[in-house]
Every structure is written in structure tokens, then in C-alpha cells.
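Dear colleague,

Please find below the sequence and the structure that I am handing over to you. My notes on what was found follow directly after them.

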Amino acid sequence: MLTLPEYPWDAMTPYRELAAAHPGGTVDLSIGTPVDPTPQVIQDALAAASDAPGYPTTHGRPQLREAVADWFARRRGVPNLDPEAVLPTIGSKELVAWLPTLLGLGEGDIVLRPRIAYPTYDMGAVIAGAEPVATDDPFSLDESVLARVKLIWLNSPGNPTGKVDDAAYMARVVELARRIGAVVASDECYAELPWELEDVPSILDPRVAGNSHQGLLAVYSVSKQSNLAGYRAAFAAGCPELIKGLVNTRKHAGMIMPAPVQEALRVALSDDDHVRSQRELYRRRRALLKPALEAAGFTVEHSVAGLYLWCTDGSMTEDGRGDTWAQVQRMAERGIVVGPGVFYGEAGAGYVRVALTASDERIAAAAERLAV
């Protein structure tokens with residue numbers, strides 16, 4: 001039987017209970033699940049496609065794949081993406097967790113991920129029997145290590161830090177990966193939520209990939225920009241050979257996005273207006289929450305894009321290390337639940353992640369409590 005660590009969020013139970021005792025109730029800024037309504041245009045698309053008695057296609061309906069290619073050209077600076085090189089996935093976490101296995105990785109292989117990162121990158125490597133290695137500088141690794149690297153994860157805008165990689169850095173990673181024969185998978189799920197800069201390059205951008213998508217996969221989800229977390233609607237795109245292999249394996253495994261969700265995803269990607277409206281909601285919430293955190297003694301680092309504020313109040317343990325849990329406790333005493341930085345790797349110690357995914361009223365309540 002596969003043995004994995006306990007799910008980390010279970011450790012939050014006592015802090016959630018403490019926050020719930022606050023007279024004004026809990027303000028949950030932890031996991032970051034969308035709370036605003038799914039746009040009506042998408043709900044209508046799902047309902048209209050609900051008569052779906054036959055099996056859906058694993059590769060996705062041609063109209064969906066064409067919509068993904070059009071979206072990449074319109075919104076991500078990626079012209080001429082072949083719709084054949086697109087694959088719908090059942091949420092992005094599913095693909096992150098299973099990609100090393102689907103690529104055939106195993107014992108002796110290495111999966112690289114950022115030092116502070118979404119924990120599922122590590123779990124995907126562990127599930128496959130490979131070794132996860134955390135680094136922000138793959139160029140400094142010994143050749144003996146690089147020879148074992150088969151998959152490199154990029155995450156920009158980053159979860160939890162909100163950091164954005166520039167095109168030059170990403171291009172260097174691509175050059176390295178192609179030299180050593182590794183795949184680069186870029187988790188770009190927050191790309192439509194920039195705050196302090198506009199250039200959020202995709203791994204498939206010609207400035208990064210050159211004139212070929214060989215060995216590259218862009219991973220994307222509309223959960224954040226379209227409030228579709230409950231639909232499990234995401235996709236991967238890029239290298240035609242990789243997509244062809246993934247489609248074939250997923251056919252055997254029955255990993256298929258339901259047909260009504262495929263249509264909802266197509267409509268979501270074809271309508272920019274609801275994304276623009278949702279972005280402005282988050283912008284207003286961020287404009288209220290960020291200065292409130294700073295006035296309460298927190299330093300917000302990176303956080304130039306995405307749904308989170310990555311911050312610290314400088315709390316230290318007795319042995320001089322950053323104390324995440326003291327900050328989680330401090331926030332819970334004010335009825336606010338946040339994400340512990342240690343969930344995202346050892347380098348996250350001393351930080352907390354504060355989500356923007358709460359209603360206007362709850363964000364305002366958090367700002368008010370931080371002022372006390």
C-alpha cells in the first residue's frame with residue numbers, strides 16, 4: 001500500500017476552533033477556495049450541455065481545444081498553438097499529482113520544484129517513486145544530479161509566494177532541460193491575476209520556448225479566474241509528443257473530463273468579461289487587506305500576482321528560526337485562519353499565506369480585526 005504523509009491541513013483543526021470562537025465568527029483566509037458565484041454564462045453552458053448520454057472524449061472536444069489555443073494566443077502571448085497539443089484535465093491538482101507517473105518516472109529519477117512550493121509537486125514525485133528536490137537554482141546542481149532530473153516544475157505566478165518568473169529565467173530553464181533531456185511543466189494557474197506587473201510569461205511564449213514547444217507543458221486551471229473550482233476544469237498544452245502520450249495513457253486509465261464540464265470550460269475561456277470583473281473584485285480586496293497586514297506589523301514579500309499575500313511578522317522560535325505557528329496563533333486569536341508557511345517547504349518557515357478568497361464583508365472584517 002502506498003504510504004503518504006498525513007494531509008497537512010488536518011493540523012489546522014485547533015486553530016480553526018480558536019478562530020470560530022471569535023464573537024464575529026471566522027474569517028477563513030487559508031486554503032483559498034473561491035467564494036464568489038460561478039458566472040451565469042458558464043452555468044448556462046453547463047446546463048445546456050447536461051444531456052450527455054455518451055462517453056466523452058479523453059482528448060477533449062475539438063471546439064474546446066480550439067478555444068484553449070485561441071485563449072493562449074489572445075491572453076498568453078502564445079501564437080499558433082496546435083489544438084491537437086491540448087489536453088483537458090480533471091482540475092490541475094490531478095495532473096500535478098499524476099504527471100510523474102504518467103511520464104513513466106520512477107526510482108532514481110529526480111523531480112525539481114521551487115524551494116517554496118505547492119506540496120503536490122513533492123507528492124507527485126513520491127507517488128511515482130521518484131525523488132523530489134527543492135531548488136530555485138537548477139543551474140548550480142552537479143552534473144551527476146542533473147543526469148537524473150527528468151521533470152522540472154516551474155510555478156509562476158507562484159503559490160504561495162505570488163512571485164513571477166521573467167522570460168529570461170524561464171528560457172534558461174528550458175535551455176537546461178533540453179540539454180539534459182528533462183520535461184519542463186509550468187503551473188501557470190494564477191496568470192490572469194497580475195497586480196504589480198503586466199508581463200507574466202507562459203512557458204510556451206516564444207521568448208521562452210523559442211520556435212518549438214518540445215519538452216514543455218503549460219498547466220492551467222480556470223478555478224481561480226472563473227470561480228470554477230467545483231467543476232474541476234483545467235488543461236495542459238504544449239509539446240505534441242508529450243500530449244499524445246498523455247492522452248493515450250489517460251484513455252487506458254479513464255481520466256476523462258465530463259462532457260458538460262468540457263463545454264463549460266470552452267465558454268469560460270471564450271469570455272473575457274467575467275474574468276475582468278472577477279479580477280477587479282480581488283484587486284479591491286487586496287487593496288484593503290495588504291495595508292491592513294502591513295499596519296499590523298507584517299511584511300508582505302513578492303505577492304505581485306495571484307490570490308495570496310505571502311507575509312511574516314518576524315516571529316522567531318527560541319532557537320532563532322522563523323515561527324510560523326506563532327503567527328497562525330496570533331491570527332486565529334483574531335478569528336482569522338491563514339495558511340502556515342511551513343506547509344510549502346522548509347524555506348516557508350516563519351511565513352504565513354493569506355488568501356484574498358473571502359467575501360467583501362469578511363475581508364473588511366479581517367482588516368478591522370488586524371487594526372486592534
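Asn-227 is located in the loop between α9 (223-226) and β8 (234-238), where helices (H or I, at least four residues) and strands (E, at least two) are DSSP runs, numbered from the N terminus. Its phi is near 55°, a positive value in a residue other than glycine. Asn-227 is buried, with a relative accessible area of 6%; buried means under 20% relative accessible area, exposed over 50%, and partly exposed in between (1.4 Å probe, protein chains only).

Please note that this is a predicted model, in which local features need pLDDT of at least 70, side-chain atom pairs count only at pLDDT 80 or more, and totals for chains, interfaces and linings use all residues. Residues are numbered from 1 along each chain as its sequence is written, and side-chain values use heavy atoms, with hydrogens and water left out.

A positive phi is also found at His-302, which is not a glycine and has a value of about 55°. His-302 lies in the loop between β9 (299-301) and β10 (308-312). Whereas Asn-227 is buried, His-302 is partly exposed, with a relative accessible area of 42%.

As background, most residues other than glycine have a negative phi, and most peptide bonds are trans.

Turning to the chain as a whole, there are 14 helices and twelve strands. The radius of gyration is 21 Å, close to the 21 Å that the globule rule gives for 372 residues, so the chain is as compact as a globular protein of that length. Here the radius is taken over C-alpha atoms, and the globule rule is 2.2 Å times the number of residues to the power 0.38. The C-alpha trace spans about 55 × 55 × 45 Å along its principal axes.

Of the 372 residues, 55% count as buried. The accessible surface of the chain comes to about 15,600 Å², of which 52% belongs to carbon and sulfur atoms; these areas come from the Shrake-Rupley method with a 1.4 Å probe, and for residues only the protein chains shown count as cover. Among contacts (heavy atoms within 4.5 Å) between residues at least 6 apart in sequence, 75% join residues at least 24 apart.

The UniProt annotation "domain: Aminotransferase class I/classII large", from an unreviewed entry, covers residues 27-370. UniProt positions are given in the numbering used here, feature names are shortened, and annotations may be inferred rather than shown by experiment. Over residues 27-370 the chain is 40% helix and 16% strand, and the end C-alpha atoms are 12 Å apart.

Several individual positions were also examined.

Arg-279 is found in helix α12 (residues 273-295) and is buried, with a relative accessible area of 11%. Leaving aside neighbours within four places in sequence, Arg-279 is in contact with Arg-75, Glu-192, Leu-193, Pro-194 and Trp-195. The C-alpha atoms of Arg-279 and Val-184 are separated by 28 Å, the two residues being 95 residues apart along the chain.

Pro-114 lies in the loop between β3 (110-113) and α5 (120-128) and counts as buried at 15% relative accessibility. Not counting residues up to four places away in sequence, Pro-114 touches Ala-134, Thr-135, Asp-136 and Trp-153. Ile-152 is 38 residues from Pro-114 along the chain, and their C-alpha atoms are separated by 9.1 Å.

Ala-73 is found in helix α3 (residues 62-75) and is partly exposed, with a relative accessible area of 43%. Not counting residues up to four places away in sequence, Ala-73 touches Val-78 and Pro-79. Its C-alpha atom is separated by 11 Å from that of Ser-202, which is 129 residues away along the chain.

Finally, Asp-10 is found in the segment before α1 (13-20) and counts as partly exposed at 49% relative accessibility. Asp-10 and Val-174 are 164 residues apart in sequence and 37 Å apart in space, C-alpha to C-alpha.

With kind regards
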